[in-house]
Amino acid sequence: MNVISPRPVAAHPADLDCAQFAKGLFIGGEWRQTAARIAVVDPSTERVLAEVADASVEDALAAVEAAERAAPAWRAKPPRERSEILRRCFELMVERADMLAALISLENGKALSDAKGEVAYAAEFFRWNAEEAVRIAGDLGTAPSGANRILVDYAPMGIAVLVTPWNFPAAMATRKIAPALAAGCTVVLKPASETPLTAYALADLYREAGVPDGVVNVVTTSAPGPVTAAMLDDPRVRKLSFTGSTGVGRLLLAQAARSVVSCAMELGGNAPFIVFDDADLEAALDGAMVAKMRNAGEACTAANRFYVQSGIYDRFAAGLVARMAALRVGPGIDPATQCGPMITRKAVEKIGRLVADATDRGASVLHGGTVPAGEGYFYPPTVLGDVSADAMLMHEEIFGPVAALCRFETEDEAIRVANDTEYGLASYIYTRDLKRGLGVAARIESGMIAINRGLVSDPAAPFGGVKQSGLGREGGHHGVLDYLEPKYIAVSF
Ligand code: NAD
């Protein structure tokens, strides 16, 4: 039964009552409370926003059971009907965009403008996949021997477990849920426990849009290891789609191997941002601010290493310092804020260690670098100059508002240093010479490359990485294929 949920409104985004979304685990269309609770903290104020339910292994397996019960009817539903439900999810997300953005901003800390951008991006996955749901076509060919026809159909994989990070609480979930539902799969979502409220608010919205009970289940837990392992060991689960760190991804790949569960992995990044001497300086600076500062640097696609050719280096460094210095830092929920806090105190400490290591190895602090006193997990916009190749932050994700600049001389050198990483998610290239840009793009080892742009993400494009940044693609036509198995039928007419 579809229940119309109350429409939460608040006079000011900061007044949103977050506790209304902590109704329990969402299993089979019902809210299930647990004795144990997980506190959700506002990173801007360190105040507890709400406490959500804390799933045990038994709860998670009940969610798998609910997904299993809902599966036959969902996969049998005509694609047009699935499509229309997904379309309605898109429309409701757009209608509730302000409320969802406020919720994301409160639990994640990101600037309200970034949160609005995330809601728009997240909603698009429903619109795109509503269109995909009715365009899933197989193939028919003749066997080379001429003896029979080769018919290839696509079947939903089955129950999918979806594990998502805290940095895009809405988009990382909808980027998985929308194609899974379009393909005819039912799902159990395990969102990050730092930002679970958005996942639960969206669960309510899916139900209102007509998603049947049990098709989407949401469980939060303080024990992601055992809970996810139990679901992966359940033979009813056939798909794992994970977005998060490379370390946890490796662990889950090993666990999934036990039951040979199909895996999609969207993992960490270490994006190079290469600026050639002939680049349009203002465009490169605009792009750098987007690539570095969207979500205050807490993005897998965030520019991590800036390689700037020596002829433009000083002007680029001065321009970047001016722009970073002009940013307004504050609570994400304040509409004037451009750079919100980090997710946790631990994240601030990690960034501090990376910056200290870089300066110990000779980098100069061109701007920022000092953690402010007071409440909230803030790290200031920071620019480091002449960072050495062996600094830790050149090899691991900074995940914060720190731009590390290095000089280079030749194109070959830029490509060599850009590829000197185990990661391969996104890369950025600035040059006025498109031939050079495309030539460099061909030699860069990454799944996504932006030329003269600071943003790559697009629901209509295949998002994903090479090397240890992941397996598989989300978005575009590839997104829905990830939840389908080709089924080959040899047929004699
Ligand atoms: P994380 O790997 O710590 O956590 C991601 C998810 O995995 C969370 O839901 C968490 O609860 C769960 N998890 C943690 N330990 C687990 C375990 N032992 N077993 C099962 N599940 C476990 O990552 P994070 O800190 O939440 O997110 C940041 C990371 O995500 C960064 O590395 C970032 O680059 C990456 N990321 C990648 C993409 C992409 O599309 N490639 C997008 C966003 C974030």
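Four elements, α5 (171-183), α7 (224-233), β10 (237-243) and α8 (246-258), each bring at least two residues to the shell around the ligand. Helices here are DSSP runs (H or I, at least four residues) and strands likewise (E, at least two), numbered from the N terminus. With three residues, α7 gives the largest share of that shell.

This is a predicted model, where local features need pLDDT of at least 70 and side-chain atom pairs count only at pLDDT 80 or more, while totals for chains, interfaces and linings use all residues. Residues are numbered from 1 along each chain as its sequence is written, and side-chain values use heavy atoms, with hydrogens and water left out.

In total, 28 residues surround the ligand (a heavy atom within 4 Å), and Thr164, Arg175, Ser245, Leu267 and Glu397 are the closest. Because domain 1 (9-267 + 468-491) and domain 2 (271-458) both give residues to the shell, the ligand lies between them; the bounds come from an automatic or database domain assignment.

Now for some polar contacts (pairs of N or O atoms within 3.5 Å):

| Residue | Part of residue | Distance to a ligand oxygen |
|---|---|---|
| Glu397 | side chain | 2.5 Å |
| Lys190 | side chain | 3.0 Å |
| Gly244 | backbone | 3.4 Å |

The protein covers 87% of the 840 Å² of accessible area (Shrake-Rupley method, 1.4 Å probe) that the ligand has on its own.

Terms used. Polar contact = N/O pair within 3.5 Å; in protein donor to acceptor, adjacent residues only side chain to side chain.
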